[in-house]
Amino acid sequence: VNMRLMLVLACLLGLSLGASLEKERKPHHCSKAWAYAPYEYDAIEERIRIYEVGTFQNQSFTYDVLLLFREGVMYEIDDQSFKCVKRAITGDFQPIEVPASATLLGSAVIGSSSGHGEGLLVNTWTGQAPDGGKYILTMTDFGCIPVSNVLQTEPFNWMIFSYINTVIGIADPDTLNPPPFCPGREVPSEGEPVDFFTFFTVA
């Protein structure tokens with residue numbers, strides 16, 4: 001019931017806001033991006049390896065990046081040509097978890113609750129990230145596995161992350177270490193520091 005009410009209020013708010021904005025500006029073409037990104041995630045050592053495939057402005061791309069937040073660096077990796085670029089990364093590591101300050105919006109079943117095994121019980125939380133952006137996070141009730149995260153970021157506005165085929169544990173720990181052909185720790189980073197969310201918009 002709570003979730004249904006929330007959706008109705010969101011629709012009413014959207015209609016009201018849309019009507020007021022229509023008088024002020026005309027509709028314009030939007031630029032959208034999507035990406036599919038298998039990843040390895042180590043919350044203890046604050047490391048993430050992302051293998052991204054997607055499209056942006058009608059152009060497809062692939063991207064392989066290793067993020068080492070404790071060291072404040074990232075590696076753009078090309079295994080085929082044995083090339084590797086070391087760059088600085090800004091921002092803190094954001095663990096995939098429900099923050100202690102999050103507020104529970106409600107619980108719901110994805111699928112059907114009519115029969116055993118026909119649905120998945122999830123909890124949806126909301127709150128404010130350390131950078132000030134809002135989020136809506138959905139996790140499974142059992143195991144607290146991420147299902148989706150709607151996150152407000154700058155300068156990319158709202159971003160939607162959906163999680164599928166999640167496996168607990170790291171299949172290959174070596175993927176979370178820089179390949180031998182990457183620059184060492186003593187080598188300075190190239191270019192300007194980049195933000196984590198840049199990887200999901202352009203490659």
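Does Glu45 count as buried, partly exposed or exposed, and what is its relative accessibility?

Reply: Glu45 counts as partly exposed, at 37% relative accessibility. The model is a predicted one. Buried here means under 20% relative accessible area and exposed means over 50%, so a value of 37% falls in between.

Glu45 lies in the loop between β2 and β3, while Arg70 lies in the loop between β4 and β5; the pair links distant parts of the chain, 25 residues apart. Arg70 is exposed, its relative accessible area being 54%.

This pair belongs to a count of six salt bridges. Side chains of opposite charge can pair when their charged atoms come close.

Another salt bridge joins Asp79 and Arg49, with 3.9 Å from N to O. Asp79 is in the loop between β5 and β6 and Arg49 is in strand β3, so the pair ties together parts that are 30 residues apart in sequence. Asp79 is partly exposed, at 41% relative accessible area, whereas Arg49 is buried, at 4%. Both residues also belong to a network of salt bridges that includes Asp64.

A further pair is Arg87 and Glu76, whose closest N and O atoms are 3.1 Å apart. Here the partners sit in two strands, Arg87 in β6 and Glu76 in β5, eleven residues apart. Arg87 counts as partly exposed at 22% relative accessibility, and Glu76 is buried at a relative accessible area of 18%.

Technical notes: Residues numbered from 1 in each chain as written. Predicted model: local features only at pLDDT ≥ 70, side-chain atom pairs only at ≥ 80, totals over all residues. Heavy atoms only, no water. Salt bridge = Lys/Arg side-chain N within 4 Å of Asp/Glu carboxyl O. Helix = DSSP H or I, 4+ residues; strand = E, 2+ residues; numbered from the N terminus. Buried < 20%, exposed > 50% of the residue type's maximum accessible area, 1.4 Å probe, protein only.
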